[in-house]
Amino acid sequence: RTLVSTPAVLERVLIVPTSIVVPVPGWHGLRAADRNAFEAIVERHGEFRERAAVEADPSLKQIIPYLVVRDGPGYFLMRRTRAGADRRLHDRYSIGVGGHLNPGDRNLAGGLAREWAEEVDADFEPEFRFVGLLNDDTTDVGSVHLGAVFMADAAGRAVTIRETDKLSGSFADPHSVAAVVDRLETWSAIVFEHLEGVAAR
């Protein structure tokens, strides 16, 4: 019997040339931006490429919708369990839900809706309010990604984690988030610092 190998499905992600979205000399942190202008840039200059081919190319930025869910002053604070494959992320905290844009998403709104459905369990889809763009070139991972940061208000409605083997999550007040700020993932720390006006690092 002859065994025929089937090539693995390769993920394609949306990229934009770094020089267009983070021009020299660059910038760091979360900055305000016009959503319509940014989406026009993505529409004009963005393209889908195989993820493996762009993961180590800082001349390209992979666009990541990054959603912060709040309930009044509280943040939906998530903690990674020890079940994940990457030990560096064990017990790390995050206030953001995000992921790559794939061809089926069509645009930022489509990507946000998919991430919302995949990552959290809620019987509603909130309004996604654009906050700005997040850039962090201080790490290898950050240098090839650009966050489009959004906020959503649960308004007292229940939100829970879907993949409870990998994450736990609940709403926490800003003081509780500040208490674990040294264990926040980098993007979450930058967003928290921006929103709360405190030093996250």
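This is a predicted model: local features need pLDDT of at least 70, side-chain atom pairs count only at pLDDT 80 or more; totals for chains, interfaces and linings use all residues.

Trainee: In which sense do β4 and β7 pair?

Mentor: Strand β7 covers residues 97-98. Its pairing with β4 runs over 2 bridges. The sense is antiparallel.

Trainee: How many bridges join β4 to β10?

Mentor: Strand β10 spans residues 145-153 and runs parallel to β4. The number of bridges joining β4 to β10 is 9.

Trainee: Which residue takes a positive phi in the hairpin of β4 and β5?

Mentor: Strand β5, residues 74-80, runs antiparallel to β4. D71 has G74 as its bridge partner in β5. The hairpin has 2 residues between the strands, and the one with a positive phi near 65° is G72.

Trainee: Is R70 buried or exposed?

Mentor: R70 lies in β4, residues 60-71. Buried means under 20% relative accessible area. R70 has 15%, so it counts as buried.

Trainee: Which side chain joins that of R70 in a polar contact of 3.4 Å?

Mentor: First, a polar atom of the R70 side chain lies 2.7 Å from the backbone oxygen of P73. The side chain joined to R70 at 3.4 Å is that of Y75.

Trainee: How many of the 12 residues of β4 are buried?

Mentor: The strand is mostly covered. The count of buried residues is 11.

Conventions: Residues are numbered from 1 along each chain as its sequence is written. Side-chain values use heavy atoms; hydrogens and water are left out. Helices (H or I, at least four residues) and strands (E, at least two) are DSSP runs, numbered from the N terminus. Buried means under 20% relative accessible area, exposed over 50%, partly exposed in between (1.4 Å probe, protein chains only). A polar contact is a pair of N or O atoms within 3.5 Å; within protein, one must be able to donate a hydrogen and the other to accept it, and residues adjacent in sequence count only if both atoms are side-chain atoms. Two strands pair if DSSP finds at least two bridges between them.
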